[in-house]
Amino acid sequence: YGLYACIFPLLIYPFIGTSRHIALGIIAVDMVIISASVSNIAQSGSVEYIMLVALLALMVGLIQIIMAAARLGFLINYLSRPVINGFTMAAALIIVSGQLGNLLGVKVSQSAYFFDTLKLVFIKIGEVDHLTLLLGGGSIILIALIKYWKSMFPTSLVIIILGIVLGWWLNLPEKGVNVVGEIPSGFPDLRLPSLNLSSFRELLSTAITLALVQFMTITTLGKTYGKEHNYSIDSNQELLALGAGNIINGFFQALPSSASFSRSAVNAESGARTSLSNIFAALVVILTLLFLTPIFYYLPYCSLAAVVIVAGINLIDIKAIRYLYETKKRDFFIAMFTFVITLLIGIQEGILLGITASLLAILYRMSTPNVAELGHLPGTRSFKDIERYSDAEQFEKILILRVDASFSFANAEYFKDNILKKSTGREGTIEAVILDCSAINDLDTTALEAMGKIINTLKERKVVLYLAGIKGPVRDVMKKAGLYENLGPNKRIFRTPYRAILDILSNWHEASGSELLGHHYKDTDKFVDKKEKDIDHTQYEPDDNT
C-alpha cells in the first residue's frame, strides 16, 4: 500500500506542482498520525482498517482541494527564512537518525522524534550486525569518494545496483543482513472507499490535521529547495497537487502521500532538475510492481540507509546559520529555537512554534520602532539621523524627528511617549517640533487618538508641531478625525522637513533666528530657494518673501 501511494500523486504532481525538487511519497509523521487514529476504530491490518485509510486519503485530498480553492496558500507566507533554516537542519538530523537502525542492522521502530530514535539505537547498540555496518559504512564512503572525484555517475543508482549485486552474490539474507525481500506484485484495483457517516465523523479531525501537516511539509520543503536553487513555488498549486493525488489514492486503497523528506533529499542529491523525476520514479514503481519485484529482493536496507543519510547530511547548511548570526541576531535565535523545538517536540510543532516566534518578533519590533532625531546636512536639503551622520547639524530650539514605522495600535503609546520625551530635551529650549511622517502608511483610531494627545500636550508646553511628508490617504484620515483643525489655523503640514524649516525660520523674527541662518549657511549653497513652490497646494505654503 505504500508503493501504491507512490504512483498516481507522482504522475500528477509535475503537471500541477511548482517545485522542481520535491519527491512525493509516504512519510513517517503522516504514518504516526494515521496509525494513532485509525487503530482506535479498526484492527490494524484488517480489511476494514485498509478501507478506512483509503477513506482518510480521500478526505485529506478533498480538504486540500477546498483549501486551494479558498486560496489559503498565503498562510505559508508566515514561514520566514530563519524558520526554514532551523527546520531544515532539524529535519536533516531526523532523516539521518531514522536510518541508523538500518545502517547498524538493529530493529528500531520508526519515529519522527530525533531523541526517541537515538535512545532506541543506544539501547540496542550491543545488537549491531557488523557485516551490515560494514556494507552501510562502505556505501557512505563510496558516495563520498564519487562526489570528491566529481564523477558524473548518479551516486544513488550506483549504490543501489551495487547493493543488489552484493546481496545476490554473497547471499546476504543467509548471513543475517536485512534485505528488502519479497514484494507482492500486481496493480491496485479501482474501488470506492466505504463512505460510512460515523467513520467520516471519527476521521474528520485526523483528516484536517493531516491535510495541514502535509501542507506545511510540502511548502517548507518547496521553499527550502526553491531558496537553494533560486526559484519560487506557488503554495496554492502545491495544495492542489497534493489534494488531487490523495483523492486518487483514496480510490486505489493507497496511503495518503505527501512530500517526503528523505525522497526529496535523495532526489535533489541525485541531480534532479525538474519535477519530471516524479514521473520516472512512478514508472519504476509500476514496473517494479508488475515485473521487477524479484530484482529488489536482495537489496540491503543498509545500502538504502547510506543513500538517505548522505542526502540528509547535505541538507545541513552551516553557512546559512552563520549568515543569520552575523547579519541579524534575532533571526539566528529564531532559527535555533525552531531547530531545538523540532528535535525535542516534533516536526509540525517546530514549524508552528517557529512561525509563532517570528510573528512575536515582528509584533515586538512594531511595538518598539525607531524614532530618529534628524539633523541637516549642510549644503543640501537632506535631513539624516544624527547618530549615523556626524556632520548632521541640529537647529537650536527646533527638534526634527522621523517615525520609522506605520502608526497603529501596536505602537501608538510608544510613539506618543517617545516623541513627548524627546521634545522635552535640550533643557526645555525646544520651541518647535517637526515630525517626518513619510514612513507612515496608515493611521488607525488608536493612533489618531495618540496623535491628538501629542498635539494637545505640545500646545500646553507652548511647542509648535509641524508635520512633514504625510501621504494622501493618511491626510484624508486626519481630516476626518479633525486633527487638521487641531494643528492650528495654518495647518503646519508640509511636503518635506525642508519646507517646514523654511516656514519656521521665515516666521521667526528674533535675533536668534537670523543668527541661526547666518551661522549655519553662510558658506554653503542657498538654503532658501525662492523659486521652488510646493506641488501640493492643499498644504500650507510659505509666502513669496520666504
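Buried means under 20% relative accessible area, with exposed over 50% and partly exposed in between (1.4 Å probe, protein chains only). This is a predicted model, in which local features need pLDDT of at least 70 and side-chain atom pairs count only at pLDDT 80 or more, while totals for chains, interfaces and linings use all residues. Residues are numbered from 1 along each chain as its sequence is written, and side-chain values use heavy atoms, with hydrogens and water left out.

- Strands (E, at least two residues) and helices (H or I, at least four) are DSSP runs, numbered from the N terminus.
- Two strands pair if DSSP finds at least two bridges between them.
- S3 (residues 371–376) is joined to S5 by three bridges, and the two run antiparallel.
- Val 371 stands opposite Val 403 in S5, and Ala 372 stands opposite Arg 402 in S5.
- S3 also pairs with strand S4 (residues 383–385) in the antiparallel sense, over three bridges.
- Leu 374 has Asp 385 in S4 as its bridge partner.
- S3 and S4 form a hairpin with six residues between them, and Gly 379 in the turn has a positive phi of about 85 degrees.

**Strand S5**

- Five of the six residues of S5 (residues 398–403) are buried, so S5 is largely enclosed by the rest of the structure.
- S5 runs parallel to strand S6 (residues 432–436), and five bridges join them.
- Arg 402 has Asp 436 in S6 as its bridge partner.

**Helices H4 and H14**

- The axes of H4 (residues 81–98) and H14 (residues 318–327) come within 10 Å and cross at roughly 145 degrees.
- Axes are lines fitted to C-alpha atoms, for helices over the stretch in contact, and angles run from 0 to 180 degrees between N-to-C directions.
- Arg 81, Pro 82, Asn 85 and Met 89 of H4 make the contact with Ala 320, Ile 321, Tyr 323 and Leu 324 of H14, where contact means heavy atoms within 4.5 Å.

**Nonpolar cores**

- A nonpolar core is a set of buried Ala, Val, Leu, Ile, Met, Phe, Trp, Tyr and Cys residues joined through side-chain atoms within 4.5 Å.
- The largest nonpolar core has 82 residues, of which Val 38, Leu 56 and Phe 261 touch the most other members.
- A second, separate core of 33 residues includes Phe 407, Leu 435, Ala 447 and Val 463.
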